Amino acid sequence: MVRHFVWRAGLGSCALLAGLMLVMGAMAHEGHDHGAPAAPPEATLAPRAEATSADFELVAVLRGGTLAIHLDRFADNAPVDGATIEMDTPEGALTARPMEPGTYVVAAPFAAKPGAHDLAFTVTAGGTVDVLATTLTVPAARAPAAPRATPVALGLLGGLPLGLLAGAVIGFLAAIVLMALRRRSAALVLAAGLGLAASLPPDAQAEDAPKPPVRDAAQRLPDGSVIVPKPSQRILGVRTIVTASASHARAVELPGRVVPDANASGLVQTAVGGRLAPPPGGFKPLGTRVAAGDILAFVHPSIGASDLKDLEQQGFELDQQIAIVKRRYERLSAIQNAVTRREVEETEIELKGLQTRRATLERVQREPEALRAPVAGVIATSDAVAGQMADPNTVVFRIIDPDRLWVEALGFSPDVGRSGASGRLADGRSVTLAFLGAGMSDRGQALPLQFAVTAGFEGLRPGQFLTVLAEAGAPRTGIAIPRTAVVRGANGQAIVYEHVAAERFVAREVKTEPLDAGRVLVVAGLPPDRRVVTEGAELIDQIR
Amino acid sequence: MIFRPLASALIALPLLATPLLAHEPGTGAHGGVRVDAGHYHAELVADGTPAVSLYLSDGSDKPVPADGFKANAILVVDGKAQRFPLSPAGGSRLAGTAPVAIPKGVKGVVQISAPDGATTQAKY
């Protein structure tokens, strides 16, 4: 019976205590929220103020009596370097000194006093002058963290003695409860500890309380928006664009392949079979720039054993005939008065013809064929090995002009891409294309289309695959944003991050359609005249 | 019991509506640009001469006596910031003289200190 009563009393006290905890916690929260501006002042962020104008975005962060001023361009979020910033406070004007690109510091003795401080920043950067007004709110005292609210609150109930008393009461009640559970030894230790913890003076607890971190940490708020402090934005390289609605031509994606320009590339082939030999200076390595007509290799025609015998036979025959005709010619020349002139001349012509045939027969065996570059360009492929036997029509070298390349794409209509096209490579680079022509015969139920690469040759090589985005059909109205701005949300939806305040980003679900190699068209989910993150969106998306 | 939340809602309704109205810069009674500055409306009148006037009124556009107020104007003129003080000049008017002529529709900020020490700023 007695035990039952004690148990009840213990429970009741605990309930009372819990109620007190709740009340104190709630009160502390109310006070914290009161008078807060639209952007929630995060407990883990240093006091800060932000101001924007048409040109600039400014964030001033108070830390250790110094105001760090982060100045960025409003539209693209790029840091503004080399600016002069004068700060007007009710106590007078101060000039900030540059610390690092886009960051300026100024001493802020006035900020030691809690409350709202009206600040006006006069920014001079290049030829632009702007006055930005903002209010820096310095919190009166740091609100205690939620888990520690109760002991401190107890201490505050009526000064230290009452706090100690409350601690003792808690310890006592806890001891009763635990002893009722017949765990005396453990109960004593626990009760002593609990009583001590509860009765610690508030100062000692305040020391234990988490101090504001040295660095402001990026964080995702419960409402899904992301707070990225300016220093973090600089590290992530966050850049934005201001969205604008415009009319864009519809684009289709086609598979394509880089091919050499037919007028600026060539093959070096052997005309006769033979043995390859290097030109003076040796074979040129891959990538060597050659001019049209440069000798790249020699082919020494090879003659088979039977052919050689035939030639030999032919040579002997010719030699024999030459000897006979020569003797006859000499004889006729000696008795010119006895024979007709016609006879002598015929013999002479016959002799000369035989001698020419003999000389040619000899040259055939000796003279190599020179392989010349048909066009100017670089050596793209080379199969030349000294002494290699090449068949007739073997491709020994392939010459390509790297600045003149074509793209062959497979499309389904001969009209796409006539007004403009671009290509996107697997690594994200893009090239500009100009329509050349469309084939008439189907290839794999698709129509081959040829485009000339007009810009973006760097690193491009024949054989590479790319996606050709060809303009087709009626134009559409929408907001064009870079592909890098669109990220996949955790649920698989395409989202973009809108820069709503200086340090606040909000995810927006969007519907996109392909536009060109570098951009997509947002057709739903994003109004114009908003700032959208184009660089660093992936990194912002990863902030939890 | 139901009247209490209803009454609170009715009281809160203008609170929702006023910020939208108050933040819209408009033309004031003296032909200048009137903006919202804390508890007040501040109308800046510049007419192309160095003389600049600031008229103070309350939330319902009733003039507020300017006695005891102080103001500091930072106005951007021809790519340079001009700073000069404004002092009470009778009625709800604060007057000051700038080093250069101030055109109509000038951009800048006026910091206003009330007699009770409260400060606010008006952005143009």
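**Figure 1. Contact between chain B and chain A in the predicted model.** In this predicted model, 15 residues of chain B are in contact with 10 residues of chain A, contact meaning that C-beta atoms placed from the backbone lie within 7 Å. Strands S5 (70–77), S6 (80–88), S8 (107–113) and S9 (119–123) of chain B each supply at least two residues of the side that touches chain A; strands are DSSP runs of E, at least two residues, numbered from the N terminus. The largest share of this side, five residues, comes from S8(B). Residues are numbered from 1 along each chain as its sequence is written, and chains are lettered from A in the order in which they are written. Because the model is predicted, local features need pLDDT of at least 70 and side-chain atom pairs count only at pLDDT 80 or more, whereas totals for chains, interfaces and linings use all residues.

**Figure 2. The open sheet of chain B.** Nine strands are arranged in the order S1-S2-S3-S4-S7-S6-S5-S8-S9 with antiparallel pairing, two strands being paired if DSSP finds at least two bridges between them. Strand S1 (26–27) and S9 of chain B stand at the edges with a single partner strand each, so one side of each has no neighbour in the sheet.

**Figure 3. Pairing of S5(B) with S8(B).** These strands pair in the antiparallel sense over seven bridges. Ala71(B) stands opposite Ile112(B) in S8(B).

**Figure 4. Surroundings of Ile69(A).** Leaving aside neighbours within four places in sequence, Ile69(A) is in contact with Leu58(A), Ala60(A), Ile85(A), Ala96(A), Tyr104(A) and Val106(A).

Methods. Contact = placed C-beta atoms within 7 Å. Helix = DSSP H or I, 4+ residues; strand = E, 2+ residues; numbered from the N terminus.
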